[in-house]
Amino acid sequence: MKTITEKIRQDAERLTDREEEALRKAGNIIRQGGLVAFPTETVYGLGGDALNRESSRRIYEAKGRPSDNPLIVHICRFEDIAEIASDVPEEAVRIAAAFWPGPLTMILHKSDRVPYETTGGLDTVAVRLPSHPVARKLIEYSGGYVAAPSANISGRPSPTAAKYVTEDMEGRIDMILDGGAVGIGLESTIVDLTVTPPQILRPGYVTQEMLSNVLGKVDTDVTILQRDSGQAPKAPGMKYRHYAPKGELTIVEGDPELVAAYMNRQAANARERGERTGIIGTREHMAQYQADVVKCLGDRADEESIARNLYSVLRQMDEEQVTRIYSESFASQGFGQAIMNRLLKAAGYRVVKV
Ligand code: TXA
Ligand code: MG
């Protein structure tokens, strides 16, 4: 299959004729059962018609993803939620008013219109109304219901720029809309509204505190920051080793001086064994690190910069063929919890305390 790529600016309100035409073409591809990768405010998505079981099958195939791992249905108007959810609780209306359009996904009971291929066999459906103007226009032109997982090969870090989508999906999908780098860089927060109290299944930019301010008590799935909780994660996709670079990643926690000394020593040892070594850190500590490849995530004081760069830094470690990687650790509260959750999964929960 030949994959067409079209560049499109973030500002979908004032599109050039060419961009408008590209978006309409993308919408038609999805209506006809094809697949289009597109930018959202979180990460790039791989879109297909959510109401067409064949499209969902194609998405799983293109990603190499297990078909028990459900897809998120993206909509472009709040009222469309009633088409795909069988009953919309009052909590959904409240958090939609507070956080939609934006990086939040709700789990609701599904309607009969949504095929089981889209929900991985579940009776619930994940729904999100993204804020990215290109995403919203594409959803509109596609008929209103776009199933879209992150546009990476299963197990690789989610794409935060179109070049990473091309790396993974060239030849596997019909079209890529290149809208430049994404804003947030980590996938949406997922909150399950089919349980009481509501439960966060995947942390993201919308934090537990922000949700609690609107909903009152909100729980967090215990598997988010621990591997050995003895429970299976409630979002099926969270059980897979995910977001992972090819090299072996270890997170190092402790006093910054000790962390740097430990990482440098381990890197030197690994190098002697013939490995290619990498260190991932923050600007505040960069000067202390020694390895073949040293990458800066951003300012420790600015979590948003860290989230934005995390996946591309993990991919750069692959590009540089690093086999052993060490990373600083991050806060387990607020937005830091989302960063740490993804990093822990990338590291297969390998953490060393020094
Ligand atoms: O930010 C995002 O959410 C991105 C962009 C493209 O919108 N999408 C995304 O999709 O991250 P994906 O497929 O990579 O992750 C979806 C997650 C998986 O962990 C899946 O198991 C979970 O959502 N999920 C989907 N439907 C569910 C359901 N009915 N119940 C529980 N978890 C569900
Ligand atoms: Mg994903």
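Biologist: Is cysteine 76 buried or exposed in this model?

Modeller: Cysteine 76 is buried, because its relative accessibility is 11% (buried is under 20% relative accessible area, exposed over 50%, partly exposed in between, with a 1.4 Å probe and protein chains only). Cysteine 296, at 34%, is partly exposed. Bear in mind that this is a predicted model, where local features need pLDDT of at least 70 and side-chain atom pairs pLDDT 80 or more, while totals for chains, interfaces and linings use all residues. Residues are numbered from 1 along each chain as its sequence is written, chains are lettered from A and ligands numbered from 1 in the order written, and side-chain values use heavy atoms, without hydrogens and water.

Biologist: Which residues are closest to ligand 1?

Modeller: Thr42, Asn69, His74, Ser188 and Gly237, out of 28 that surround ligand 1 (a heavy atom within 4 Å).

Biologist: Which strand gives the most to that shell?

Modeller: β6, with four residues. Strands here are DSSP runs (E, at least two residues), numbered from the N terminus. β4 (72–74), β6 (124–128) and β10 (199–202) each supply at least two shell residues.

Biologist: What polar side-chain atoms lie by the oxygen atoms of ligand 1?

Modeller: Look for N or O pairs within 3.5 Å. Serine 188 has a side-chain N or O atom 2.6 Å from a ligand oxygen, asparagine 69 has one at 2.8 Å, and arginine 202 one at 2.9 Å. The protein covers 98% of the 690 Å² of accessible area that ligand 1 has on its own (Shrake-Rupley, 1.4 Å probe).

Notes
A polar contact is a pair of N or O atoms within 3.5 Å; within protein, one must be able to donate a hydrogen and the other to accept it, and residues adjacent in sequence count only if both atoms are side-chain atoms.
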